[in-house]
Amino acid sequence: MLEVAALENGTAIDHIPPEQLFKVAQLLELQKVNSRITIGNNLLSKKMGRKGIVKIADRFFSDDEISRIALVAPNVILNIIRNYKVVEKKKVNLPNRIVDIVKCNNPKCISNNEPMASCFEVIDREKVTIKCRYCERSINKEDIIIK
């Protein structure tokens, strides 16, 4: 049974944990996109049991946008589609360093009080734990605040 329409050109973001689907949509600012968007949630998945998927026509993502996705859904697959065929599959990976995407949770951190870019090192890829370069506070996935 076909649950989501085929995409001629664009990106399909697959294997999104259902509880993170709308966070991914928010991070990618999909409300500002003028092209066709298909969002499916709680779809059946052999791999995950249930999953979310986002298909965006005629849109391809920058490394910065992909890094944002990895912060909340580190195991998604990006499918690049051209002429109704998947021409490339990318597994989203956290970069070693995350610059100016996350806000430090420490209100006294210099990155919150001076005009400068925040900077975090990834210290645990599996659990998605990051550490502020300036104040050295560790932040777990569920406590990450995206700028």
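**Reading strands and rings**

Me: Which residue takes a positive phi in the hairpin of β9 and β10?

Reply: Glutamate 136 does, with a phi near 65°, in a hairpin that has 5 residues between the strands. A strand here is a DSSP run of E with at least two residues, numbered from the N terminus, and two strands pair if DSSP finds at least two bridges between them. This is a predicted model in which local features need pLDDT of at least 70 and side-chain atom pairs count only at pLDDT 80 or more, while totals for chains, interfaces and linings use all residues. Residues are numbered from 1 along each chain as its sequence is written, and side-chain values use heavy atoms, leaving out hydrogens and water.

Me: How many bridges join β9 to β10?

Reply: There are 3, between antiparallel strands, β10 covering residues 138-140, and lysine 131 has serine 138 in β10 as its bridge partner. The β8–β9 hairpin has 4 residues between its strands, and valine 128 in the turn has a positive phi of about 55°.

Me: What joins β2 to β3?

Reply: A hairpin does, through 3 residues; β2 (residues 37-45) and β3 (residues 49-57) pair in the antiparallel sense over 7 bridges, and isoleucine 39 has valine 54 in β3 as its bridge partner.

Me: Which residue lies over the face of phenylalanine 60?

Reply: A charge sits over a ring if NZ of Lys or CZ of Arg is within 6 Å of the ring centre and within 35 degrees of the ring normal. Here arginine 82 lies over the face of phenylalanine 60, at 4.4 Å from the ring centre.
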